[in-house]
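User: I would like a close look at one part of this protein. Please take the helix packing and follow it out to the parts around it.

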Amino acid sequence: MGLLLMLRPPQPRPKSLRRATRAQRREHRRTDAEEWGTAQQRGWLLDMEVEKLLLLVTNAGGSRLPILGQLDPWSDTILSRRELPQLEADIDRLEAAAGDDAQRELVTAMRKLLMNWRAEPDLMLHCYGD
């Protein structure tokens, strides 16, 4: 299971593809793939294993973390810029609790994503769980 964090501009309300034609569905998937590829090139995408994040969050204080402690890694969430300072504080606590190289690499990757978010003020952080 994974959790995907992606910086994206605010999205319009998604349209249902239930009644879409096959061509419309193909176009929708092609557009998503292009956007995700661009996001990955810009450093706006982070794909992580849920188990690694949950263990680290638990070690750092669990539900006491204002953002990461409340995040449901099996559903989708959108975070706005006003939550960035709290998220950075959560990551500081994760860094203090990191016990091995894999956890430290995860914290470093999360910090890099937040640094890129600071440089792009019009974006929001979309969290896609599965």
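The part to look at is helix H4 (residues 101-119), with the elements that pack around it. Which residues of H2 and H3 meet those of H4?

Analyst: A word on the source comes before the details. This is a predicted model.

Start with the setting. The chain holds 4 helices and 4 strands. Read from the N terminus, the order of elements is β-α-β-α-β-α-α-β. The C-alpha trace spans about 50 × 30 × 25 Å along its principal axes. Of the 130 residues, 36% count as buried. Contacts across the sequence are a marked feature: among contacts with a separation of 6 or more, 77% join residues 24 or more positions apart.

Now the pairing of H3 with H4. H3 covers residues 84-97 and H4 covers residues 101-119. Their axes come within 9 Å and cross at roughly 160 degrees. The cut-off for roughly antiparallel is over 145 degrees, so H3 is roughly antiparallel to H4. The crossing of H3 past H4 is left-handed. On the H3 side, the contact uses Leu 84, Leu 87, Glu 88, Ile 91, Asp 92, Leu 94, Glu 95 and Ala 97. On the H4 side, the partners are Gln 103, Val 107, Met 110, Arg 111, Leu 114, Trp 117 and Arg 118. Sorted by class, this contact has 9 nonpolar, 1 polar and 5 charged residues.

H2 meets H4 at another angle. The two axes come within 11 Å and cross at roughly 95 degrees. H2 and H4 are therefore roughly perpendicular to each other. From H2, the contact takes Lys 52, Leu 53, Leu 55, Leu 56 and Asn 59. From H4, it takes Gln 103, Leu 106, Val 107 and Met 110. The classes here are 6 nonpolar, 2 polar and 1 charged.

H2 also packs on H3. The angle is about 90 degrees, and the axes lie 8 Å apart. That makes H2 roughly perpendicular to H3. Leu 56, Val 57, Asn 59 and Ala 60 of H2 face Arg 93, Leu 94 and Ala 97 of H3 in this contact. Its residues divide into 5 nonpolar, 1 polar and 1 charged.

Gln 103 sits in H4. It counts as buried because its relative accessibility is 10%, and the cut-off for buried is under 20%. Leaving out residues up to four places away in sequence, Gln 103 touches Leu 55, Leu 56, Asn 59, Ala 97 and Ala 98. Leu 55, Leu 56 and Asn 59 belong to the H2 side of the contact with H4. Ala 97 belongs to the H3 side of the contact with H4.

Next comes the nonpolar core. In soluble globular proteins, nonpolar side chains tend to be buried together. Here the largest nonpolar core has 34 residues. Those with the most contacts inside it are Leu 68, Leu 87, Leu 94, Met 110, Trp 117 and Leu 125. Strand E1 (2-8), strand E2 (45-49), H2 (50-60), H3, H4 and strand E4 (124-129) each supply at least two of its residues. H4 gives the largest share, 6 residues.

Apart from residues up to four places away in sequence, Leu 68 touches Val 57, Leu 87, Asp 90, Ile 91, Leu 94 and Met 110. Of these, Leu 87, Ile 91 and Leu 94 are on the H3 side of the contact with H4, and Met 110 is on the H4 side.

Last, the strands. His 126 is in strand E4. With 4% relative accessibility, His 126 counts as buried. Beyond residues up to four places away in sequence, His 126 touches Leu 4, Leu 5, Met 6, Arg 8, Pro 9, Gln 11, Thr 77 and Ile 78. His 126 and Gln 11 are 115 residues apart in sequence, with a C-alpha to C-alpha separation of 9.9 Å.

Ile 78 lies in strand E3 (residues 77-79). At 48% relative accessibility, Ile 78 counts as partly exposed. Its contacts, again without residues up to four places away, are Glu 83, Met 124, Leu 125 and His 126. Leu 125 is one of the core residues with the most contacts. The C-alpha atoms of Ile 78 and Asp 130 are separated by 15 Å, and the two residues are 52 apart along the chain.

Definitions and conventions:
Residues are numbered from 1 along each chain as its sequence is written. This is a predicted model: local features need pLDDT of at least 70, side-chain atom pairs count only at pLDDT 80 or more; totals for chains, interfaces and linings use all residues. Side-chain values use heavy atoms; hydrogens and water are left out. Axes are lines fitted to C-alpha atoms, for helices over the stretch in contact, and angles run from 0 to 180 degrees between N-to-C directions. Angles under 35 degrees count as roughly parallel, over 145 as roughly antiparallel, 65 to 115 as roughly perpendicular and the rest as oblique. A crossing is left-handed if the near helix is turned anticlockwise from the far one by less than a right angle, and right-handed if clockwise. Contact means heavy atoms within 4.5 Å. Ala, Val, Leu, Ile, Met, Phe, Trp, Tyr, Cys and Pro count as nonpolar, Asp, Glu, Lys and Arg as charged, and the others, Gly among them, as polar. A nonpolar core is a set of buried Ala, Val, Leu, Ile, Met, Phe, Trp, Tyr and Cys residues joined through side-chain atoms within 4.5 Å. Buried means under 20% relative accessible area, exposed over 50%, partly exposed in between (1.4 Å probe, protein chains only).
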